[in-house]
Amino acid sequence: MVTSTILSDLGTEILIPACALVGILFSLLQWFLVSKVSLSLDKPDAKHAFTESLIEEEEGVNDHNVVQKCAEIQNAISEGATSFLFTEYQYVGIFMIAFAVLIFVFLGSVEGFSTSYQQCTYDTTKMCKPALFTAVFSTVSFILGAITSVISGFLGMKIATYANARTTLEARKGVGKAFIVAFRSGAVMGFLLAANGLLVLYITINVFKIYYGDDWEGLFEAITGYGLGGSSMALFGRVGGGIYTKAADVGADLVGKVERNIPEDDPRNPAVIADNVGDNVGDIAGMGSDLFGSYAESSCAALVVASISSFGNNHDFTAMMYPLLISSVGILVCLITTLFATDIFEVKTVKEIEPSLKNQLIISTVLMTIGIALVSWIALPYSFTIFNFGVQKEVENWQLFLCVGVGLWAGLIIGFVTEYYTSNAYSPVKDVADSCRTGAATNVIFGLALGYKSVIIPIFAIAISIFVSFSFAAMYGIAVAALGMLSTIATGLAIDAYGPISDNAGGIAEMAGMSHRIRERTDALDAAGNTTAAIGKGFAIGSAALVSLALFGAFVSRAEITTVDVLTPKVFIGLLVGAMLPYWFSAMTMKSVGKAALSMVEEVRRQFNTIPGLMEGTAKPDYATCVKISTDASIKEMIPPGALVMLTPLIVGIFFGVETLSGVLAGSLVSGVQIAISASNTGGAWDNAKKYIEV
């Protein structure tokens, strides 16, 4: 067995933080380029003559009011989003502290809070660090993961609210200029999140290594808290933000568009600010935390398995850092890919928007395949062993390359299938739009059917990647396949964040009273954004499925379960209950949205009926009350679904044992993936069918 690697340990120690810093610097550069679009009313002086004046309309009209209105609306959206996230994080912070205490108590009590060295779990010839200190370090890494997840979501929201009005103003110069501002803003979020996640994880590993020394089994077991912290916060961010955005959306459209027959995002609509705030807290902050959670979990799952394989046993640092090296190269690949959209092939017409975004996926996947091959060649020994349920499996470096590669290409397939089923350029969405001719009932039927049908190919893609990666490298293969799917996370998030920014830009154009031509351009950007949002969700779902399976494998190994036999009543009952859980969770979140939307509809109706001159445009609506309704509802309603997810494994494990729990985990994984893909694509298709009809 060849154990040497071409890349030295020193090279690895330089490469990973260097790539992360490059990602942060590139995101700051993109932010600087976006910030050159001015929201102030000052005319550029001679010193800044290179800055294009935004006051000049294409028609040659100098309209200072438009810029001022855009700045005011942007400020209102930003304040609403910041206020909501601060309130949400206060509640989530209490949970984070409570769960951190729980982690410490559970892990510390395994050996009775022992401070003496103990026999290692997997290599009984070695002595590992005391259980008490592993509990402390696991708790610290959990808190670090949670904080990084929160910061990722918050920074994404701040960037999106900074860029929305700038995208609107650039739309006056043409659709291409607006596209570049929206896309660059998405790239700021994508690169900041990918780089921060990588850098914090790398620094945490190196700091923990000072204490753990050669005990890599204990070190990387403590690091798993980082992934748990990230995904825990993502859960609350997604649920809270999702309830907020959908309640505001339903309230604004039902009364405004349906009952009062006023345009979408009309400034007379009291829920219009809440609707635009919702795009940022749900689709930006929620998605940022969500993808960070998947990224952290897949990295930690791979590191844990590697630590008890030959990489960990031989203390081969470079090979051990293989998952982080993939993410590092991913940042460089995404950087080059971004330049294709912003500098090399600039969008000039509406028809070029979707192809440009699609090309981002293709270019990043092709370049990343070369990047993975390079990393696998220089960072892995030619042959090595991987832990596989108690035995060491012989693996070669080209097999690991295929594991990561199959995950990467499965992600691209999921992205393309999602685009086909949610873009109004293809027949599925056109069929849904056409079904509206006979009423809402046929529209609902066609929409649900589309969602169910869209599950088929992604599931086969995930199944094939699981089979290939497990055949070659057991559970480690599945973990790095998930990492492969997320290796282009910076590009994935850029095209995902682009959607809500464009949506907000359209809303601001309507509220600022801009011309119909400007609104047409922002609508074209928004329609492509609905598709990219669905693609982003597809990546999140696919990678989450692979990560869940890898973590399930880690749980089964750690709990010393040799086989999960579905014929055993305990396991089969667990499967049934587990398969039911995503439905229970969905029911809770949907009912929460319904209740919040009901309050929103009543408030919007009340304002239209009681505020004189509101419909005529002579009086201003009370936006703040609608923002408060969405905020209060989402904060109150996010706790029960979050508690269901977090407490179920603990309750089942304690009262019914690990066998039943293994069934619950497997059942929820299998049914959750199907519901997630179908619901996501149905929603995206309905949204774009609406846009298709309106155009």
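Okay, so let's start with a crossing: helix 9 and helix 14 cross in a right-handed way, meaning the near helix is turned clockwise from the far one by less than a right angle. Quick caveat: this is a predicted model, where local features need pLDDT of at least 70, side-chain atom pairs count only at pLDDT 80 or more, and totals for chains, interfaces and linings use all residues. Residues are numbered from 1 along each chain as its sequence is written, and side-chain values use heavy atoms, with hydrogens and water left out.

Back to our pair. Helix 9 is residues 322-344, helix 14 is 456-485, and they pack at about 15° with axes 10 Å apart. They're therefore roughly parallel (angles under 35 degrees). Who touches whom? Tyr322, Pro323 and Ser327 from helix 9 meet Tyr476, Val480 and Leu483 from helix 14, contact being heavy atoms within 4.5 Å. By class, that's five nonpolar residues, one polar and no charged.

Now, the second largest pocket. Its volume is about 690 Å³, and 22 residues line it. Nearest its centre are Glu520, Asp523, Ala524, Lys691 and Val695. Lining residues have an atom within 4 Å of a pocket point. Which elements give two or more residues to that lining? Helix 10 (353-379), helix 16 (516-558) and helix 19 (639-694). Helix 16 gives the most, with seven. By class, the lining has 10 nonpolar, two polar and 10 charged residues.

Notes. Axes are lines fitted to C-alpha atoms, for helices over the stretch in contact, and angles run from 0 to 180 degrees between N-to-C directions. Helices (H or I, at least four residues) and strands (E, at least two) are DSSP runs, numbered from the N terminus. Angles under 35 degrees count as roughly parallel, over 145 as roughly antiparallel, 65 to 115 as roughly perpendicular and the rest as oblique. Ala, Val, Leu, Ile, Met, Phe, Trp, Tyr, Cys and Pro count as nonpolar, Asp, Glu, Lys and Arg as charged, and the others, Gly among them, as polar. On a 1 Å grid over the protein atoms alone, a cavity is a set of points where a 1.4 Å probe fits but cannot get out, and a pocket is an open set with protein on both sides within 12 Å along at least five of seven lines; lining residues have an atom within 4 Å of a point. Grid points are joined across faces, edges and corners, and a volume is the space filled by probe spheres set on the points.
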